[in-house]
Amino acid sequence: MRMNAEQGQKGKRAEGLFFLLVDDNVGLLRVISAYLFKRHVRTDCAGGGLDGLKKYVENPEKYDAILLDVHMPDLDGYETMRRMREHMRGVPRQTPIIAVSGESLENNGEGFDLLIRKPFRYEDLLPKVMSVLPY
């Protein structure tokens with residue numbers, strides 16, 4: 001079976017998914033969000049770790065995946081991920097948190113479900129994210 005742009009591994013469909021994108025690079029957020037929109041994936045964007053954490057805490061079951069830049073000025077990706085994981089303890093569905101970084105990560109990105117290195121090919125983004133979704 002050949003996968004199209006709206007499918008990830010095992011024939012999963014991307015249509016209707018909802019991702020939280022957290023990055024201090026507003027231009028990159030716009031490009032990723034537009035790319036995903038064309039594939040029927042909805043997104044919320046946060047310009048930093050504190051904003052991303054706030055959006056997640058307000059509605060933890062809303063997101064199918066969180067794409068999180070590691071190097072941000074207000075709250076780095078590691079601390080944002082740790083705080084999100086603390087909130088996930090009381091939530092039935094654990095949302096995958098994906099590190100997005102152009103640099104090597106401490107402890108090989110321990111705590112993240114996946115690492116996507118910048119720069120990346122946009123056509124590779126969705127299948128990689130979908131590979132860690134539990135459904």
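Which elements do the buried residues of α2 pack against? Here are a few notes on that and related points; please keep in mind that this is a predicted model.

1. **Packing of α2.** The buried residues of α2 (49-58) pack against β1, β2 (42-46), β3 and α3. The residues concerned are G49, G52, L53 and Y56. They sit on the same side of α2, because the arc they cover around the axis is only 100°. Turn to the other side of α2 and you will find K54 and E58, which are exposed.

2. **Helix α3.** This helix runs over residues 77-88, twelve residues in total, and spans 16 Å from its first C-alpha to its last, close to the 16 Å expected at 1.5 Å a residue. Its buried residues are G77, Y78, T80, M81, M84 and M88. Seen down the axis of α3, these fall within an arc of 160°, so they line one face of the helix. Their cover includes β1, α2, β3 and β4 (97-101).

3. **The cavity.** It is worth a look inside as well: the count comes to one cavity of 30 Å³ or more, and the largest cavity holds about 60 Å³ of space. Its lining consists of L21, V22, D23, L28, L29, I32, L67, L68, D69 and V100. By class, eight of these residues are nonpolar, two are charged and none is polar.

4. **Where the lining comes from.** Three elements, β1 (18-22), α1 (26-38) and β3 (65-69), each supply at least two residues of the lining of the largest cavity.

Methods: Residues numbered from 1 in each chain as written. Predicted model: local features only at pLDDT ≥ 70, side-chain atom pairs only at ≥ 80, totals over all residues. Heavy atoms only, no water. 1 Å grid on protein atoms, 1.4 Å probe; cavity = no way out; pocket = protein on both sides within 12 Å on 5 of 7 lines; lining within 4 Å. Points joined across faces, edges and corners; volume = space filled by probe spheres on them. Helix = DSSP H or I, 4+ residues; strand = E, 2+ residues; numbered from the N terminus. Nonpolar A, V, L, I, M, F, W, Y, C, P; charged D, E, K, R; others polar. Expected span 1.5 Å × (residues − 1). Buried < 20%, exposed > 50% of the residue type's maximum accessible area, 1.4 Å probe, protein only. Arc of directions from axis to C-beta. Contact = heavy atoms within 4.5 Å.
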